[in-house]
Amino acid sequence: MSTTSTDDTRKVRIDVRDLTKRFGDNEVLRGVTTQVHSGDVVSVIGASGSGKSTFLRCLNGLETPTTGSVRINGHDVFGPKVNIDEVRRQVGMVFQHFNLFPNMTVAENIELAPREIHHISKDAARELAVGLLDRVGLADKADARPSSLSGGQKQRVAIARALAMKPDIMLFDEATSALDPEMVGEVLQVIRDLASEGMTLVLVTHEMGFAREVSSRVLFLDAGVIEEEGTPEELFGSPKSPRLQTFLSKVL
């Protein structure tokens, strides 16, 4: 399991201040404030509708907050002078659904963004893709079409595609929720490997055992606020909030 350092000199990768988000009359986030340091593995847990995915989508500008601020590596994500494309290059995101291009091979899916955005050569992009596929255990699938892959394999390709942009931070939005149970483990292992390598991760997950194993910190969102946060030992071992106690009694 990753450990959280008490050294405040560690680089702040994500700095969220008083984040709110409304959809009409529905206030989904209500004043969320937190920081994520380099190498942190932060799991975000909570019931459906608690604001977890909206929070994650605000981190790389896919949702615009109603009020508050998000800074990624010091860049104000919603500031008037920000280059949002540059910020997004620093943040990889993996969704519930894979969104692979069916008309491309697996390798071509991974090569596309580095070639189009970083303007690297075709040969360099291919080398990058093959290396990343090896990293996620799919070295033999470079020339396969996505339609021939299992759900777990597709999600591992999606992770490799996000890593191809060489991000500082990876965000996972319920990366295993669309998978059959027997495929969940292979995706969790890739995330586990990234955590052990020291990558900064923020995970919205319903896999409580996994969150307890890999996280340096856990945030429990309830009705759009961080109801409780702390180490996995604190949140799962001795939850203080009655809401968290009730939630855990239903999911553990």
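**Cavity, pockets and selected residues of a predicted model**

The largest cavity holds about 80 Å³ of space. This structure is a predicted model, in which local features need pLDDT of at least 70 and side-chain atom pairs count only at pLDDT 80 or more, while totals for chains, interfaces and linings use all residues. Residues are numbered from 1 along each chain as its sequence is written, and side-chain values use heavy atoms, with hydrogens and water left out. Helices (H or I, at least four residues) and strands (E, at least two) are DSSP runs, numbered from the N terminus.

**The cavity**

- A search of the whole structure finds 1 cavity of 30 Å³ or more. On a 1 Å grid over the protein atoms alone, a cavity is a set of points where a 1.4 Å probe fits but cannot get out, whereas a pocket is an open set with protein on both sides within 12 Å along at least five of seven lines; lining residues have an atom within 4 Å of a point. Grid points are joined across faces, edges and corners, and a volume is the space filled by probe spheres set on the points.
- The lining of the largest cavity consists of Phe172, Glu174, Ala175, Thr176, Leu188, Ile191, Leu203, Val204, Thr205, Glu207 and Phe210.
- At least two residues of this lining come from each of helix H6 (181-196) and strand E8 (200-204).
- By type, the cavity lining has 7 nonpolar, 2 polar and 2 charged residues (Ala, Val, Leu, Ile, Met, Phe, Trp, Tyr, Cys and Pro count as nonpolar, Asp, Glu, Lys and Arg as charged, and the others, Gly among them, as polar).

- The largest pocket has a volume of about 640 Å³. Its lining comprises 24 residues, of which Met93, Ala113, Arg161, Ala162 and Met165 lie nearest the centre.
- Two or more residues of that lining come from each of helix H2 (84-89), strand E6 (91-94), helix H3 (106-117) and helix H5 (151-163). H3 gives the most, with 5 residues.
- The lining of the largest pocket divides into 13 nonpolar, 6 polar and 5 charged residues.
- The second largest pocket contains about 170 Å³ of space, and its lining is formed by Met104, Glu108, Glu111, Leu112, Arg115, Glu116, Lys122, Asp123 and Arg126.
- H3 and helix H4 (122-135) each give two or more residues to the lining of the second largest pocket, and H3 gives the most, with 5 residues.
- The lining of the second largest pocket has 2 nonpolar, no polar and 7 charged residues.

- In helix H9 (residues 242-251), Leu244, Phe247 and Leu248 are buried (buried means under 20% relative accessible area, exposed over 50%, partly exposed in between, with a 1.4 Å probe and protein chains only). Seen down the axis of H9, its buried residues fall within an arc of 95 degrees, so they line one face of the helix; the arc is that of the directions from the helix axis to the C-beta atoms.
- Pro242, Ser249 and Lys250, on the other side of H9, are exposed.
- The buried residues of H9 pack against strand E3 (41-45), helix H7 (208-214), strand E9 (217-222), strand E10 (225-230) and helix H8 (232-237).
- At the start of H9, a side-chain oxygen of Ser241 reaches to within 3.1 Å of the backbone nitrogen of Arg243.
- Helix H1 (residues 52-59) is mostly covered, with 6 of its 8 residues buried; these are Lys52, Thr54, Phe55, Leu56, Cys58 and Leu59.
- Just after H1, Gly61 takes a positive phi of about 85 degrees.

**Two buried residues**

- Thr34, in strand E2 (residues 26-37), counts as buried at 6% relative accessibility.
- The side chain of Thr34 makes a polar contact with the side chain of Arg217 (2.8 Å). A polar contact is a pair of N or O atoms within 3.5 Å; within protein, one must be able to donate a hydrogen and the other to accept it, and residues adjacent in sequence count only if both atoms are side-chain atoms.
- Val184 is found in helix H6 and is buried, with a relative accessible area of 12%.
- Not counting residues up to four places away in sequence, Val184 touches Thr176, Leu179 and Glu207 (contact means heavy atoms within 4.5 Å).

**Positive phi in loops**

- Most residues other than glycine have a negative phi.
- Asn99, in the loop between E6 and H3, has a positive phi near 55 degrees and counts as exposed at 52% relative accessibility.
- Lys166, in the loop between H5 and strand E7 (169-173), has a positive phi near 55 degrees and counts as exposed at 64% relative accessibility.
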